[in-house]
Amino acid sequence: MSAPPPRMTQTTQAVLRALLEEPERQLYGLEICAATGLPSGTVHPILARFEALGWLDSAWEQVDPREQGRPRRRYYRLNANGISLARDALARAYETRTRIVGRLRPAGDAV
Amino acid sequence: MIGPRPVLPARWLLGIVVRVLPAHARDRYREEFRTELAELSVPAQIAQALSLLAGSVALRTALTSRELPTLGGTRRSWRCRLGRHRYIGRESDNPEMRGVGSLQCVRCGKRKDPPSYGVMSAVALGRGGG
């Protein structure tokens with residue numbers, strides 16, 4: 001059984017767009033915050049949900065912290081399935097927003 | 001920990017954040033957040049740690065939810081929480097159901113069938129309100 005399509009907020013869409021900018025590139029938390037303009041406290045719960053949905057893979061950076069002189073980072077990247085689902089979800093969110101705004105415009109159309 | 005350490009207030013705030021999280025995720029997020037904090041200036045570390053603290057409950061919810069997670073579902077309008085949805089008519093996506101449609105809340109996206117169905121079926125079953 002396939003998962004129902006996720007309902008997305010503006011912040012969720014911003015995170016998805018940042019991850020889709022260069023889908024093959026891995027990003028870590030601060031880079032995603034910089035790309036979206038959102039604080040870490042907003043971004044990490046969204047990333048955790050994407051991971052739970054199976055759209056996003058995360059892994060520790062493969063470096064020697066002693067050589068780098070800094071601790072390793074946790075990198076995130078949309079997997080192949082996630083890329084296609086994310087694109088669909090963004091397109092659907094845009095379509096829904098357009099449809100709802102279009103329906104709200106004519107006076108007296110709301111139930 | 002190798003490399004620069006976050007300042008004490010940031011580490012203290014981070015300790016609270018990590019304690020909010022479920023036990024199985026604490027080590028991972030402690031390391032991940034400490035790495036991110038260590039790359040920032042001191043004022044930014046405090047701001048970042050406060051932001052993480054503000055988002056810690058949402059992160060915990062995302063990590064512990066047993067149901068299929070939905071995106072952005074943690075911030076529902078208080079009106080929707082009280083069942084005061086604002087429904088608008090929405091045509092069905094199914095071409096065979098043109099003209100039937102459903103209702104969708106403009107705030108939270110919740111859908112429901114038009115109320116006439118329920119009333120009609122209740123009347124048909126002889127359970128109409130009286």
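**View 1. Crossing of helix 1 and helix 2 in chain A.** The axes of helix 1 (residues 10–21) of chain A and helix 2 (residues 29–36) of chain A cross at roughly 110° and come within 9 Å of each other. Helix 1 of chain A is therefore roughly perpendicular to helix 2 of chain A. The crossing of helix 1 of chain A past helix 2 of chain A is right-handed. The model shown in this and the following views is predicted.

**View 2. The aromatic pair A:Tyr28 and A:Tyr75.** Over all chains, a search of the whole structure finds three aromatic pairs. The ring centres of A:Tyr28 and A:Tyr75 are 5.6 Å apart and the ring planes are at 70°, so this pair is edge-to-face. The pair links distant parts of the chain, 47 residues apart: A:Tyr28 belongs to strand 1 (residues 27–28) of chain A and A:Tyr75 to strand 3 (residues 74–78) of chain A. Both A:Tyr28 and A:Tyr75 are buried.

**View 3. A:Arg74 and the ring of A:Trp60.** A:Arg74 lies over the face of A:Trp60, and its distance from the ring centre is 5.0 Å.

**View 4. The hairpin of strand 2 and strand 3 in chain B.** Strand 2 (residues 102–105) of chain B pairs with strand 3 (residues 111–112) of chain B over two bridges, in the antiparallel sense. Opposite B:Leu103 stands B:Lys112 of strand 3 of chain B. Five residues lie between the strands of this hairpin, where B:Gly109 has a positive phi near 85°.

Note on methods:
Residues numbered from 1 in each chain as written. Chains lettered and ligands numbered in written order. Predicted model: local features only at pLDDT ≥ 70, side-chain atom pairs only at ≥ 80, totals over all residues. Heavy atoms only, no water. Buried < 20%, exposed > 50% of the residue type's maximum accessible area, 1.4 Å probe, protein only. Helix = DSSP H or I, 4+ residues; strand = E, 2+ residues; numbered from the N terminus. Pairing = 2+ DSSP bridges. Phe/Tyr/Trp six-rings, centres within 6.5 Å; stacked < 30°, edge-to-face > 60°. Lys NZ or Arg CZ within 6 Å of the ring centre and 35° of its normal. Axes fitted to C-alpha atoms, helices over the stretch in contact; angles between N-to-C directions. Parallel < 35°, antiparallel > 145°, perpendicular 65-115°, else oblique. Left-handed = near helix turned anticlockwise from the far one by under 90°.
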